[in-house]
Amino acid sequence: MDDSLGREQAVRLHQALERASIRHRRLWVRYLSLGGSVGELEVGAYLHQCLDLPPRERDLLAWAANTLLDRRYHPRVPSSTDLLRRGTGHGVPERTA
C-alpha cells in the first residue's frame, strides 16, 4: 500500500528535528510520555523512511516534536489531518508565530 502521507510526515518530522538539533531519543521519550507505544528503534526507522507507522503513532510523534520545538524559530510538524487538509501539501512547511 502506498503511504505517501506517512512518508511526507516522516520527512517533515526528521527535518524539524535536524534543524532544532533534537535527538531521536529525546523525541521518543516525549512520545512515550504522550501515550506512544512504538519502540525507539522503530521510531528511528520511521524517521529514516524505512518503516511505515499508523496515523495515530505518526500524529503522537508530531505532537511530541511540537512540544519540544521553539515555535519562534522552527516550523510546526504537521499531523496527518493537517496534511490531508492541504492535499498532502508537498510544499514548504508552514511557520507559526
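This report looks at helix 4 of a predicted model, its crossing with helix 2, and serine 80.

Residues are numbered from 1 along each chain as its sequence is written. Because the model is predicted, local features need pLDDT of at least 70, side-chain atom pairs count only at pLDDT 80 or more, and totals for chains, interfaces and linings use all residues, while side-chain values use heavy atoms, leaving out hydrogens and water.

Let's start with the helices, which are DSSP runs (H or I, at least four residues) numbered from the N terminus.

| Helix | Residues |
|---|---|
| helix 2 | 24-33 |
| helix 4 | 55-68 |
| helix 5 | 80-85 |

Buried residues (under 20% relative accessible area, 1.4 Å probe, protein chains only) in helix 4 include Arg58, Leu61, Ala62 and Asn66. Their cover includes helix 1 (4-20), helix 2, helix 3 (40-47) and helix 5.

The axes of helix 2 and helix 4 (lines fitted to C-alpha atoms over the stretch in contact, with angles from 0 to 180 degrees between N-to-C directions) come within 9 Å and cross at roughly 110°. That makes the two helices roughly perpendicular (65 to 115 degrees). Contact (heavy atoms within 4.5 Å) involves Arg26, Leu27, Arg30 and Tyr31 of helix 2, and residues of helix 4 including Glu57, Leu60 and Ala64.

Finally, serine 80 lies in helix 5 and is buried, with a relative accessible area of 7%. Leaving aside neighbours within four places in sequence, serine 80 contacts Leu5, Gln9, Pro55, Arg58 and Asp59.

Definitions and conventions. Parallel < 35°, antiparallel > 145°, perpendicular 65-115°, else oblique. Buried < 20%, exposed > 50% of the residue type's maximum accessible area, 1.4 Å probe, protein only.
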